[in-house]
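Reader: I am new to this structure. Can you walk me through how to read it?

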Amino acid sequence: MTDQRAYHDRDGLIWLDGEMVPWREANVHVLTHALHYASSVFEGQRAYSGEIFKLTEHSERLVKSGRLLDFEIPYSVDEINQACRDVLAASGLTDGYMRPLAWRGSEQMGVSGQKTKIHLAIAMWPWGAYFGEEAIRRGIRMIVSPWRRPAPYTAPTESKASGLYMICTLARHQAQAQGYDDALMFDWRGQVAEGTGANAFFVRDGALHTPTPDCFLDGITRRTVIDLARRRGIEVHERAIWPEELESFEQLFLTGTAAEVTPVASVGPWNFEVGDLTLQLRKDYLGLVNRLLSNS
Ligand code: PMP
């Protein structure tokens, strides 16, 4: 059973600026810079069977995301790793989703934020299949979003920055209002980019094709799946993919920490099968994260 309570009203502990605080007391002031100007970055990572998958890569990306927003998180990668392990231990969970978040505080108001304190919080909760088990079985249904991933010269697109999610929320709302699960986003050039919270892989003639991540996140799951595919001798082509090509692909799946490997049944007018290669890579991924498959 998923917890139906609001996220601010739950039991447990949240790591906040170096201390474990009761869940309901992990609050910020309304005049927090990050709330006004999106000066925040975050991570999403999962624990499986008592271990956080690729923890160091997530902590490193968090630090890098902060630097791309011109701030330095006042903890080292090792300290962030340890804090995440402490949160996992305090949660009493073996499996779940963990959210580290770093943001500018309330010492300064206005666009400039150099004098703000940089905060870090880490929370964890149980989270099953992002799109639900049924959606995974039949494949999710997507629309094409009217929103496009911005050019790298218009936003720090390599950062997992909260501000970059504004159009993702709008895109997903639009999809859900029309009865779909998610939206596929093109980029500013019109090339296929990614989902609203996951990367995309196409299958044709036994090979994988995935857009080059030059204006969106090169996901940790994406890189993991590329490794898993190459281990099986499957060719992986990272390249520009234009919408004209979409009708020639047989399968499509999304990858992400929350989405794991999720088959896609359709995007707008294009249909895909929930095929063997997608299901094999999903199985390989779940085997790896649960340490049934070796990490090298
Ligand atoms: N793109 C977006 C927009 C995302 O939110 C995510 C999830 N963090 C990804 C891609 C996939 O990244 P990862 O595999 O590192 O979770």
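Predicted model: local features only at pLDDT ≥ 70, side-chain atom pairs only at ≥ 80, totals over all residues.

Author: Start with a salt bridge.

Reader: How far apart are the closest N and O atoms of Arg222 and Asp218?

Author: They are 2.9 Å apart, and the two residues form a salt bridge. Arg222 counts as buried because its relative accessibility is 1%.

Reader: What lets side chains pair like this?

Author: Opposite charges can pair when the charged atoms come close. The structure holds 23 salt bridges. One of them joins the side chains of Arg61 and Glu43, at 2.8 Å from N to O. This pair links distant parts of the chain, 18 residues apart. Arg61 sits in helix 2, and Glu43 in the loop between strand 3 (40-42) and strand 4 (45-48).

Reader: Are Arg61 and Glu43 buried or exposed?

Author: Both Arg61 and Glu43 are buried.

Reader: Which residues are linked in a network of salt bridges?

Author: Asp3, Arg5, Asp9, Arg10, Asp11 and Arg24 are.

Reader: Now a helix. How do I check the span of helix 2?

Author: Count 1.5 Å a residue, taking one less than the number of residues. Helix 2 (residues 55-68) has 14 residues, so it should span 20 Å. Its end C-alpha atoms are 20 Å apart, which agrees. Its buried residues include Leu55, His58, Leu62 and Val63. After helix 2 comes Asp70, with a positive phi near 70°.

Reader: Which residues touch the most other members of the largest nonpolar core?

Author: Ile73 and Met98 do, in a core of 24 residues. Helix 2, helix 3 (77-91), strand 6 (96-104) and strand 7 (118-125) each supply at least two residues of this core. Helix 3 gives the most, with five. Domain 1 (13-125) and domain 2 (133-289) each provide at least three residues of the core.

Reader: And the surface? Which residues make the nonpolar patch?

Author: Val30, Leu31, Tyr37, Met109 and Val111 make a nonpolar surface patch of about 500 Å². Leu31 lies in the loop between strand 2 (19-22) and helix 1 (33-37). Leu31 is partly exposed, with a relative accessible area of 45%.

Key. Residues numbered from 1 in each chain as written. Heavy atoms only, no water. Patch = residues over 30% accessible without salt bridge, like charges linked within 9 Å, V, L, I, M, F, W, Y side chains within 5 Å. Areas by Shrake-Rupley, 256 points an atom, 1.4 Å probe, with all protein chains shown as cover. Salt bridge = Lys/Arg side-chain N within 4 Å of Asp/Glu carboxyl O. Helix = DSSP H or I, 4+ residues; strand = E, 2+ residues; numbered from the N terminus. Buried < 20%, exposed > 50% of the residue type's maximum accessible area, 1.4 Å probe, protein only. Core = buried A, V, L, I, M, F, W, Y, C linked by side-chain atoms within 4.5 Å. Domains from an automatic or database assignment.
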